[in-house]
Amino acid sequence: MSWQVPYIVNTFLINMTQIREICSADSLLKINNLHVHFVLENAVVRAVDEVSMEVHENETVALIGESGSGKSILGMTILRLLPENVRVDGKMLFNGFNLLDLAEDELRRIRGKEIAWIPQNPATSLNPVLKVGIQIAEPMEVHLKIDRKSAMQRVVNLLKFFDISPAEKRINEYPHQYSGGMKQRALVAMGTSTKPKLVIADEPTKGVDVSKKIRVAEIFRKIKEKLSILIITHDLSFAEKLADRIAVMYCGQIVEICSAEQFFGEPMHPYSKALLDSLPSRGLKPIKGSSPSMVNPPKGCRFHPRCKNATSRCLKEPPLFELNGNAVRCWLYA
Amino acid sequence: MLRGVSLHKVFESGLISKRRIIAVDGVSIEVKERETLALVGESGSGKSTLGRLLLMLIKPTSGKVFFDNLNLTEMKTKEFRKIRQKMQLIPQHPEDALDPRWKIYDSIAEPLRIHKLVGKNEEKEVIYGLVEMVGLQEEHLSRYPHELSGGELQRAVIARAIALNPKFIVCDEPTSMLDVSVQAAIINLLMELQHKLGLSYLFITHDLEVANAIANRMAVMYAGQIVEEGTKILDEPLHPYTRMLVESLNMNVGLKVEDTRQNAEQTGCKFYNFCSDRTNGCLKPPEMVRVNGRKVKCHLYY
């Protein structure tokens, strides 16, 4: 199905009842065989290809991968924030609803209310001419239908919770009066103000120093008990501290999904191993070759031109193999 | 080889009521031949300003910079131009450092053309050599910056920096915007070039693990001052601030340092407000003392 399919009430209702039964009780978001393709004049960019993954209730999943691996596009597809000309196929079940079937006004009730998005760049994501308090109050006014005054009261409590003090004064300040770390925390406050079930955070530690990264990690640890989080990041140490499970993306595909302990202890996929070996604390070994193109991805396994363990069977595309709850896309585990 | 002696830099803004920001506050630093000195610190601690002061890209408010025992601060612009060839900068954002309307070839060739080091015919040869050295292909030369990935851009910037055969390069967070695997490749390239060309680096970074992996010596900067300098700092940090930074590596301890800029105004030890070991003695400015071959600016080690 694609974006253009008109919304029909009947299909939606049928989907709702059918799908509720199908999906397992504790999975909040279930992505099934998702494809996101950008169709250009003379090429097709396969930004997300054959992706299936789940986010359970109260679980934190980190989606890691290099820039250009399609992880942000995957996040934006969940909220359908992509332009109209994108071709999307597959299923994304959130709480039993297929997000791809919903009409724009249905979606608007989910965005910000059920699923919140914490954008990548705090410096440019806040409106520079509006007071921060008003911006944080806005989703509550829209979704919870409360008036400005009581919304502002809640904003004060939120700012206190996220350590922005003095909260009463800070709500009347503009974004330029906030430091970078405070802007990041204000965005998290905004995202979590409506008590969503799922928060998608896009690179929350990009361009943040070590000491400030800890504060970002701290606030995510504060909120992770109560809701599900999908963290899109290439910061491995941040993912290690927060995530319950790790999903590794390479060239539009998920190549490994496993628990965080397994990933940092004994990663399975050769790409995961190579990625960890390139950390400064683990030897700074670069991965040979360069990231493949998404227009003409390598035939077969997409990592095989750069892989140490590549053999002739890697010319055939490996499926995602299931191995005691973990999944890996590599022939080594066939 | 390169030495900065009690460098100060004060930025002033405003016409009537001057706002003063002390970016660098009495720093003495030395980078030896073929050495990598890592300068670590948080954003706003003044490490980039210090790097620029050493290259004389900005003039210090007071203090001196020596390069091979030549006093750069008192040199005439014309003489200094010649020395500038020997000192280069690899900036943090390669995409901003290259002219978006120039092909990569022209950007790499520009320093050669300005200093008129090679003729038109040799130029091509020299540039192909440089490009090979930094691991780019010849086809990249005819592209524009927006057609290259972050890692490739950084390689192009490195090629331009080594074009004039420098001896000293300031690397200002060259990998902070790159992915881990690309970061590893760029750092390996820098180390290889150092070996081949006999370069000295001042490597500015906020990533302690990167600093530890590549540097011979490390200097820790806080609020415009160097608070600790020496080897193997990560194994045994002495200054309370360094200790806190090292502990923050495993991300379990919350750092309560908000904005280092405000602390620059503080008399006495700049770290006083956040230090767990503070005493009344810390209200007086601490001196740099030597402890086991390391320099520390803290009253604890008097």
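How many bridges join β9(B) to strand β10 (residues 225-230) of chain B? The answer is given in point 6, after the overall picture.

1. Basis of the note. This is a predicted model, in which local features need pLDDT of at least 70 and side-chain atom pairs count only at pLDDT 80 or more, while totals for chains, interfaces and linings use all residues. Residues are numbered from 1 along each chain as its sequence is written, and chains are lettered from A and ligands numbered from 1 in the order in which they are written.

2. Chain A overall. Chain A has twelve helices and twelve strands (DSSP runs numbered from the N terminus: helices are H or I with at least four residues, strands are E with at least two). Its radius of gyration is 21 Å, close to the 20 Å that the globule rule gives for 334 residues, so chain A is as compact as a globular protein of that length (the radius is taken over C-alpha atoms, and the rule is 2.2 Å times the number of residues to the power 0.38). Along the principal axes, the C-alpha atoms of chain A fill a box of roughly 65 × 55 × 40 Å.

3. Contact between the chains. The contact takes 23 residues from chain A and 23 residues from chain B (two residues are in contact if their C-beta atoms, placed from the backbone, lie within 7 Å). On the side of chain A that touches chain B, α9 (210-224) and α10 (236-242) of chain A each supply at least two residues. The most comes from α9(A), with six residues. By class, this side of chain A has ten nonpolar, seven polar and six charged residues (nonpolar: Ala, Val, Leu, Ile, Met, Phe, Trp, Tyr, Cys and Pro; charged: Asp, Glu, Lys and Arg; polar: the others, Gly among them).

4. A helix pair in chain A. Helix α5 (residues 132-143) and helix α6 (residues 148-161) of chain A pack at an angle of about 115 degrees, with their axes 9 Å apart (axes are lines fitted to C-alpha atoms, for helices over the stretch in contact, and angles run from 0 to 180 degrees between N-to-C directions). Among the residues that meet are I136(A) and M140(A) in α5(A), and V155(A) and L158(A) in α6(A). The residues of this contact divide into seven nonpolar, one polar and three charged.

5. An open sheet in chain B. Four strands stand in the order β2-β1-β4-β5 (chain B), with antiparallel pairing (strands pair if DSSP finds at least two bridges between them). β2 (19-31) and β5 (70-71) of chain B are at the edges with a single partner strand each, so one side of each is left without a neighbour in the sheet. Strand β1 (residues 2-13) of chain B pairs with β2(B) over ten bridges, and L2(B) stands opposite V31(B) in β2(B). Helix α1 (residues 47-54) of chain B lies across β1, β2 and β4 (62-67) of chain B, at about 120 degrees to β1(B).

6. Strand β9 of chain B. Five bridges join β9(B) to β10(B), and the two run antiparallel. M221(B) stands opposite I226(B) in β10(B). Their hairpin has two residues between the strands, and A223(B) takes a positive phi near 50 degrees there. Strand β3 (residues 36-40) of chain B runs parallel to β9(B), joined by four bridges. In β9 (residues 217-222) of chain B, five of the six residues are buried.

Note on methods: A residue is buried if 20 or more other C-beta atoms lie within 10 Å of its own, exposed if 12 or fewer, and partly exposed in between; C-beta atoms are placed from the backbone.
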